[in-house]
Structure formats: structure tokens, C-alpha cells
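Please consider the structure displayed below before reading on.

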Amino acid sequence: MTVISFENVAYSYGGGELLTDVSLKLAPGSFHFLTGPSGAGKSTFLKLAYAELRPTSGRVMLFDNDVTRLSRDDVARTRRRIGIVHQDCKFLDHMTLAANMALPFTVSDRESSPQDMEDLLGWVGLKHLADALPPQLSGGERQRAALARAVIVDPDVILADEPTGNVDWEMSLRILTLLVELNKMGKTILVATHDLNLIRQAKAQIPARVLRIRSHRVQLAGADL
Amino acid sequence: MKLPAAKPASPATRALQVVPPSGPTAWLTTFTAGAMTFLCVFALALSLASGRLANRWSEALARTATIRLSAPAEQVQIQTDAILATLATTPGIASFRALDDAETRALLEPWFGPGLPVEALPIPRLIQVVEADPPYDSEGLRQRLAAEAPGALLDDHTRWRRPLAEAAARIRLLGVLSIALIGGAMAAMITLAARAALATNAEVIHVLRLVGAKDSYIARAFVRRFTLRALTGAAIGAAAGLIGVAALPAADAAGGFLTGLGFTGWGWLWPLALPPLAAIVAFFATRRAAFQKLRELT
């Protein structure tokens, strides 16, 4: 089984093709970085990978299902297997951090165990902020909260879009460490970033591969960076 | 440490909580539902009352007829006797009697005042006829009367009855139409309010979709909210409307046409059906709006 696979995928906005002829497979348990200049299509690539966008041509398969054949409810069910972390993490500002983290459980009418929740809050170092409202959190705290929310339902894949974009180097390393730990637990990880230092740091710890977007195509980069 | 899982909140309650409270605009839906239901109570009272009125007129007027005798003074008694004799031999008549001068005076008093010298005026003689079941053949009776008493005229009130009953039926139709229009207007307003709420919360909906919420889950949060608001508003409106109708002056015999507006007997239960009806309208209007809007929002 492949977790995510692209077959000759192209995506174009009104103005022309942003991505073209993209073919790749993400195997379970792999760790990939996606890099490229701003506006190259990193976010678009990720959106295709969680069925927010549908390819204008070619085929995107999520867990061996063709996304163009998924109903809206199928998309919802698929997303319960995908944890998504954004650069500007969105939360429900009227609910506490703990309630926000439990949201993936809440929307699928399931209960989160208090013990799991406490462990998770401890893991991302936000135990003391469980009752805080999202607007009261700093950038780094929001990123870690978003990561905690993404992994609470034990997804198979984590997709992170510039997860270290708004935080300092020390916090970037902390978030990277969390992602590496998740990968070691068997999760498939895809991180879009333009931070080459972060990629070098990761490669020192795990065999991460790098995908680079260049002239509308996604290529597997060599060892050089 | 307080955690959401530790709080005893049912999934349905939590579904309500994921949408932020909407503040003062929420009252607009409640107010609209209340005002519409208030109006609906009166439309309902109008159609029920006009229905009753139509029945009352039809029944009361249908069972009685009047024979009016206009004849020269010396002929009056002779022709009266002839009429009474004819009526006595006509099948389908339950009873009949000639009104005496005192009764005639009482009938005319409201128009001419007391102390009217009835004897001095050429007032026609009136004979009241109450029909039996099966009723007499009015055309046959009319012909026999024409032969026996040329000055007699049978008035079985159809001339009066028909336009009045028609008017009452038309008023009832207008009442029903008003109720339908009020219901439609309420559905339209709730749809607009729901669409506005969904648009305002586009960001919230996006987050919910991202963490794997189905459309039905998101719709539920909105639908519950709007249905409850409509139900509350309609309950208040129906109560106010009922108080308003109850406070109308009581119908008496003389003013029955004008003050008969209101409910009688089981009729009082009709307005109680309005709040659940409003809730049903709100439920389907919001649900439709929500699913439509959600499809636009990816």
C-alpha cells in the first residue's frame, strides 16, 4: 500500500499550470521534505494531498482511493487518517486549547481519553495552557498545539505546511524533534519548508528525502543541498 | 486540570459548542419567528371564525323562511287564513305561525324607536315558517301561494344567505393563504439568517472540515441552533397571540358578526400547533441552506 500517490498530476489555476506532470509515491513510514521557492506550489501540492484541491489532470490516490471519486463524506473520513499542520494554524478561538485539541474526536462523535490528552499536552509542553484560549498563545505554542491536534486521532500521515515558519530556531528544532519522534512511531511525514537548515538538521537524525519543486515539476533531490 | 472529556457534555451539545455564539443577531431569528407566529394566530382566528360564521348563517337561515303578505287592509285577514291553510297541507314544514302586532313592533323597534303605531302603517304581515327534514319544495309552495294568496311572497333567505356564505368562505381562504404566506416568509428569513451565519463562520467550517468533520455534523450545529431559536420565538409569539385573542371583547348575540373573531372549544388547540410547525419549517430551511452553503465552501 502507498499512503499518497500522484500519477501524472497537473494543477492549474485560471492563469496557467502551477504543477505539471507530477508522479511520486509516499510509502508508509517515510519522511519527506518538500521545498522550493515561495509561490512554487508547495501549499498546492499539500492541498492536493489532503483532497482540499482536486487535480486538473492525472490521478491523486489517498490510501489507494482515487480522490476524484471520493464523496464529501469520504473526504471527511480520509482526513481523520491525515493530520494537517498549517503555518497559520487555525483554531476555534472561543474554545479552550484542550477542547481544540480534542476537536478531531469531537467531530467524529468520539471521546478522547483524559489520559491520552494529558500525555499529549505534556509531550508538546502545553500542559499549563490547557484552559487557555488560542488567541492567548504565542506562535510557537500555536504550532505545537496544531501538531498535537493533528496527531490526537493517531493518523497514518502528518502533512505540515511551513510548521516552523513563525517560530525561532530553538522552537523549530523542538517541533522537528516532535516530527522525528512521530516518524519513529511509524507515521508517514511530509513537511513543506523553505528552511534548508531545518532539512540538514533532520537528515542528521533520520533518513529523510527531499522533494524539490522546480519549473512546475516535483523532483527528488540528490544528497546535495 | 479541566479537560473536555471530563465534562459531562453529550455529543449533540458539543456539536452546538463548535460554532461560536452569535451574539445579538441571534435574537433576530427568535424575534422574526415570534412576530410571524403572532400574526399567524390572528390569521388562524380569522379563518376559524369566518368558517364558523359561514356555517352559522347557512344553518340558521336555511331552516327558516318568511312569508311576507302585502295586501289591502280588508284582504289581510282573508289571505292570512288562506296562507295558513296552505301551509297546513304542505308536507315538509315543521311549524309555522303568523307574527302578531306586538312581535312585529319589537322587530321594527330598533329602526323606528318605541311607540310605533303599527296599526296605522301599511306594514306587511309576516308568517314564520320552520322547515322539516326532508324540507318542503319551495318552488311548489311559491306557486300554490300565488294561487291562494296573491299578496304573499315566500322568502327562503337564499338571496341573503348565498353572498354571505360566499364572503365568509372567501375570508377563510384569505386566512389560509395568509398562514401559508407567513410560513413561507418565515422560511425565507430563516434561510437568509442561516446563510449569513454560515458565511460568517466560514473559517470555523474550514477548520472543522480540516479535522475530518462531515457536512452533516457541521449542519447539525447550525440546524439545532436555528430550530431552537424558531421554536422559542414561535412559542412566545403564539402565547402573545392567544392572549391578544382572549382579550378581545366577548361575542354577544347582537354583535356576533364583528366580535366573533376568536377560538372556541378545540379551536384553542390550533395555535399550540404553531410553535412545532415553526420549528419544522426552521429545521428544513436551515438544513437546506446549510448543505447548499457547505458545498460551496469545499
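At what angle do the axes of α8(B) and α10(B) cross? The axes of α8(B) and α10(B), residues 274–296, come within 8 Å and cross at roughly 150 degrees; axes are lines fitted to C-alpha atoms, for helices over the stretch in contact, with angles from 0 to 180 degrees between N-to-C directions. That makes α8(B) roughly antiparallel to α10(B) (an angle over 145 degrees). The model is predicted: local features need pLDDT of at least 70 and side-chain atom pairs pLDDT 80 or more, while totals for chains, interfaces and linings use all residues. Residues are numbered from 1 along each chain as its sequence is written, and chains are lettered from A in the order in which they are written.

**Helix packing in chain B**
- The crossing of α8(B) past α10(B) is right-handed.
- Residues of α8(B) that meet α10(B) include B:Phe222 and B:Phe226, and those on the α10(B) side include B:Phe283 and B:Phe291 (contact: C-beta atoms, placed from the backbone, within 7 Å).
- By class, this contact of α8(B) with α10(B) comprises 19 nonpolar, two polar and two charged residues.

**Interface with chain A**
- Contacts link 24 residues of chain B with 29 residues of chain A.
- On the chain B side, α1 (11–17), α7 (202–210) and α8 (215–246) each supply at least two residues (helices are DSSP runs of H or I, at least four residues).
- The most comes from α7(B), with six residues.

**Domains of chain B**
- The domain assignment gives domain 1 (11–58 + 162–296) and domain 2 (71–150).
- Their C-alpha centres lie 54 Å apart.

Note on methods
Two residues are in contact if their C-beta atoms, placed from the backbone, lie within 7 Å. Angles under 35 degrees count as roughly parallel, over 145 as roughly antiparallel, 65 to 115 as roughly perpendicular and the rest as oblique. A crossing is left-handed if the near helix is turned anticlockwise from the far one by less than a right angle, and right-handed if clockwise. Ala, Val, Leu, Ile, Met, Phe, Trp, Tyr, Cys and Pro count as nonpolar, Asp, Glu, Lys and Arg as charged, and the others, Gly among them, as polar. Domain bounds come from an automatic or database domain assignment.
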